[in-house]
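I opened a new structure today and kept notes as I went. The entries follow the order in which I looked things up.

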Amino acid sequence: MSAMEEDKATTTASEASSSKAGAGIDYAALERDISSQRAVALQDGKLNAAIESLLNLEKGMRLAADVPGTRKVVVAIVELCFETNSWKTLNDQIMLLSKRRGQLKQAVTSMVQQAMQYLDKAPDQETEVELIKTLNLVCAGKIYVEIERARLIRRLATIKEGQGLIAEAAELMQEVAVETFGAMAKTEKIAFILEQIRLCLAKHDYMRAQILSRKINPRVFVADSKEKKKKEGDNIVEEAPADVPSLLQLKRMYYELMITFYSHSNDYLEICRCYQNIYDTPSVKENPSDWMPALRKICWYLVLSPHDSMQSSLLHATLEDKKLTDLPQFRSLLESFVTMEVVSWDQFWTTYKSEFELEATLPGGKLVDKALEDLRRRVIEHNILVVSKYYARITLTRLSQLLCLPLEETETCLSEMVVSKALVAKVDRPAGIISFQMNREGNDVLNSWAINIEKLLDSVEKSCHKIHKETMVHKVSLKA
């Protein structure tokens, strides 16, 4: 049994025992006592005297292990401090009540939840921050208020970010590992982790952002309408607050953050896959103003990606998309990289320059800074691949003429493709000859020899058969 389940079981047992212990307590009289003390504080202005009386009531209820009674008195003290606008007294009483010997967990939970409702009503930001810090100290190390502590830290981080202290906000958020919270709703967990990733990206901590992103399994964004609520012991997982986005909204937020992360390292294929996941969202596909910019980005980042099996597979799959008919220029863009023909860079750039520059005005913003340089490099790489399909051997001078490039740039591009294993080639620099023949392993060479010998023996056998046939027809005697 986990620590969370043990705590829930203890809570249930304490509630059952408190119901037996408090069976003889007159809660109506308790309510009257609380009301009278509220009148003393509000009408007579004797807040300290009223709190002292309520603390005596709380002590009796706590020692009797009466959960409902203790909750009522504790919440009444917090409400009284708020109603008299005594924020310093509120902070002091919260700390005092949480440290009293044998304080009930349910009472602390109710007190924290009640005090959290007053955060929006604080007279100024300084008072709000003080209350948050007080509640955070009370919640620290207590599993039964871990969700409240996470929400408090997120609120404090938002305030710090508003003050321009992004590094402090990111450090605050990293203190909480919400993935271990069993009672927190799935959407709230994801939203919290996404906020952690966003703050890490804001302070350019890309390594930690990558570590945090691995806490979210992308398969969790597959919405299941038949999904049942998860239970922890006898308690249903808490519902997410109203301000937490839906699962599909969180999916889009996640992939937009990952696009920012991969843009830092110019990982075009991963950026393309992120846009592909956004494009596959049902709400995006229904709205042309959403899917058109996403599909445009998919096309651009596909052609920017280095050639490999994954890129080729995605390229052909995107060409089969029926919605690409609404973007004919992008269909021709993809087809130019599929067709085995040499592409002239000058003509290519003239055709697609306006579409390339238009991306900066569309949702998602402009392409990465190195996009233009890498696009030209991809066109050159495509042309070299096309030449390798038609030529087994070619001179470096002729290749540079076909590519319309200087000799040095042609050799550099070819060398980079060979190093990245996108192409198999050998360059005889003294002779200036390039060989595109693939290196064959020893087994392949022996197999080819065996096949050639088999063909030779078949030919010899057919020749002998025809000679024997001619001999029988014409009855020619052969000399031994």
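I began with contacts across the chain. Counting contacts between residues at least 6 apart in sequence, I found that 64% join residues at least 24 apart. I note here that the model is predicted.

Next I looked up the secondary structure. The chain has 22 helices and five strands.

Then I turned to burial and surface. The chain has 480 residues, and 41% of them count as buried. Its accessible surface comes to about 27000 Å². Carbon and sulfur atoms account for 53% of that surface.

**Entry: serine 110**

I picked one residue to look at by itself. Serine 110 sits in helix H6, which covers residues 105–116. Is serine 110 buried or exposed? I looked up its relative accessibility and got 16%. The cut-off for buried is under 20%, so serine 110 counts as buried. I then asked which residues serine 110 is in contact with, leaving aside neighbours within four places in sequence. The list reads Arg71 and Val75.

**Entry: H10 and H11**

I moved on to a pair of helices. H10 spans residues 186–202, and H11 spans residues 206–213. Their axes come within 8 Å. They cross at roughly 165°. Angles over 145 degrees count as roughly antiparallel, so H10 is roughly antiparallel to H11. I noted the hand of this crossing as left-handed.

Which residues meet here? From H10 I listed Ile193, Gln196, Ile197, Cys200 and Leu201. From H11 I listed Tyr206, Arg208, Ala209, Leu212 and Ser213. I sorted the contact of H10 with H11 by class and got seven nonpolar, two polar and one charged residues.

**Entry: H18 and H19**

My last pair was H18, residues 345–358, and H19, residues 371–390. How far apart are their axes, and at what angle do the helices pack? The axes are 12 Å apart, and the angle is about 145°. I recorded the crossing of H18 and H19 as right-handed.

On the H18 side, the contact is made by Trp345, Phe348, Trp349 and Phe356. On the H19 side I wrote down Ala371, Leu372, Leu375, Arg376 and Val379. By class, the contact of H18 with H19 has eight nonpolar residues, no polar ones and one charged.

H10 and H11 cross left-handed, whereas H18 passes H19 in a right-handed crossing.

Terms used:
Residues are numbered from 1 along each chain as its sequence is written. This is a predicted model: local features need pLDDT of at least 70, side-chain atom pairs count only at pLDDT 80 or more; totals for chains, interfaces and linings use all residues. Side-chain values use heavy atoms; hydrogens and water are left out. Helices (H or I, at least four residues) and strands (E, at least two) are DSSP runs, numbered from the N terminus. Buried means under 20% relative accessible area, exposed over 50%, partly exposed in between (1.4 Å probe, protein chains only). Contact means heavy atoms within 4.5 Å. Accessible areas come from the Shrake-Rupley method with a 1.4 Å probe; for residues, only the protein chains shown count as cover. Axes are lines fitted to C-alpha atoms, for helices over the stretch in contact, and angles run from 0 to 180 degrees between N-to-C directions. Angles under 35 degrees count as roughly parallel, over 145 as roughly antiparallel, 65 to 115 as roughly perpendicular and the rest as oblique. A crossing is left-handed if the near helix is turned anticlockwise from the far one by less than a right angle, and right-handed if clockwise. Ala, Val, Leu, Ile, Met, Phe, Trp, Tyr, Cys and Pro count as nonpolar, Asp, Glu, Lys and Arg as charged, and the others, Gly among them, as polar.
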